[in-house]
Amino acid sequence: MNIDLLLTRLGRDPRQSRENRALAEKAKEYLRRAKNVVITGKHGAAKGEIAKPAACCALATDFLGDPLDTKKVKLLSGATEKVFDATVATLRTALGVSTK
């Protein structure tokens, strides 16, 4: 799913404020950097790939200290909760993302 569309569905439309725009840009940066990161595991690579945009949004909110509704992010990710959590953990490690 497109980052802008995902954030809009989460009530954080990037066109509405500077903070939302910064969140969208950070999530897009993470998604670009995650392009070559392969999500593997018992859940399968394809499912982890589906969750990448939502996982990048979650990482961006953690980094910027601006939380989103985690349940809604997981629901919109298109993956199960376990796959989403594994994808976030893998990307956090691979991209070297820390929380604020």
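1. Order of elements. From the N terminus on, the chain runs α-α-α-α-α, which amounts to five helices and zero strands. Helices (H or I, at least four residues) and strands (E, at least two) are DSSP runs, numbered from the N terminus.

2. Basis of the note. This is a predicted model, in which local features need pLDDT of at least 70 and side-chain atom pairs count only at pLDDT 80 or more, while totals for chains, interfaces and linings use all residues. Residues are numbered from 1 along each chain as its sequence is written, and side-chain values use heavy atoms, with hydrogens and water left out.

3. Overall dimensions. Taken along the principal axes, the C-alpha atoms of the chain fill a box of roughly 40 × 25 × 20 Å. A compact globule of 100 residues would have a radius of gyration near 13 Å, and the 12 Å of the chain agrees with this. That radius is taken over C-alpha atoms, and the globule rule is 2.2 Å times the number of residues to the power 0.38.

4. Buried residues make up 40% of the 100 residues in the chain. Buried means under 20% relative accessible area, exposed over 50%, and partly exposed in between (1.4 Å probe, protein chains only). Among contacts (heavy atoms within 4.5 Å) between residues at least 6 apart in sequence, 68% join residues at least 24 apart.

5. The nonpolar core. The largest nonpolar core has 28 residues, and those with the most contacts inside it are Leu-7, Tyr-30, Cys-57, Phe-84 and Leu-91. At least two residues of this core come from each of α1 (3-9), α2 (18-33), α3 (45-64) and α5 (81-95). Helix α3 gives the largest share, eight residues. Such a core is a set of buried Ala, Val, Leu, Ile, Met, Phe, Trp, Tyr and Cys residues joined through side-chain atoms within 4.5 Å. Not counting residues up to four places away in sequence, Cys-57 touches Ile-3, Leu-6, Leu-7, Leu-23, Ala-27 and Leu-68.

6. Helix α2. At 1.5 Å a residue, the 16 residues of α2 should span 22 Å, and its end C-alpha atoms, 23 Å apart, agree with this. The expected span is 1.5 Å times one less than the number of residues in the helix. Asn-20, Leu-23, Ala-24, Lys-26, Ala-27 and Tyr-30 are the buried residues of α2. They cover an arc of only 165° around the axis, so they lie on the same side of α2. The arc is that of the directions from the helix axis to the C-beta atoms. On the face turned away from the buried side, α2 carries the exposed residues Arg-18 and Arg-32.

7. Helix α5. The 15 residues of α5 should span 21 Å at 1.5 Å a residue, and its end C-alpha atoms are 21 Å apart, which agrees. Its buried residues are Val-83, Phe-84, Thr-87, Val-88, Leu-91 and Leu-95. Seen down the axis of α5, these fall within an arc of 135°, so they line one face of the helix. The face turned away from that buried side carries the exposed residues Glu-81, Lys-82 and Thr-93. Gly-96, whose phi is positive, near 70°, follows α5.

8. Side chains of opposite charge can pair when their charged atoms come close. A salt bridge is a side-chain nitrogen of Lys or Arg within 4 Å of a carboxyl oxygen of Asp or Glu, and by this rule the count comes to nine. Lys-26 and Glu-29 form one of them (3.4 Å, N to O); being three residues apart in α2, the two are separated by about one helical turn. Glu-29 also meets Arg-33 (3.5 Å, N to O), and these two are four residues apart in α2. Lys-26 is buried at 17% relative accessibility, whereas Glu-29 is partly exposed at 27% and Arg-33 is partly exposed at 39%.

9. Lys-52 in α3. Is Lys-52 buried or exposed? With 4% relative accessibility, Lys-52 counts as buried. Lys-52 is found in helix α3 and, leaving aside neighbours within four places in sequence, is in contact with Leu-31, Ala-34, Lys-35, Val-37, Ile-39, Thr-87 and Leu-91. The side chain of Lys-52 forms a salt bridge with that of Glu-49 (3.2 Å, N to O). Both residues lie in α3, three residues apart, about one turn of the helix. Glu-49 is partly exposed, at 35% relative accessibility.

10. Salt bridges that share partners join Lys-26, Glu-29 and Arg-33 into one network.
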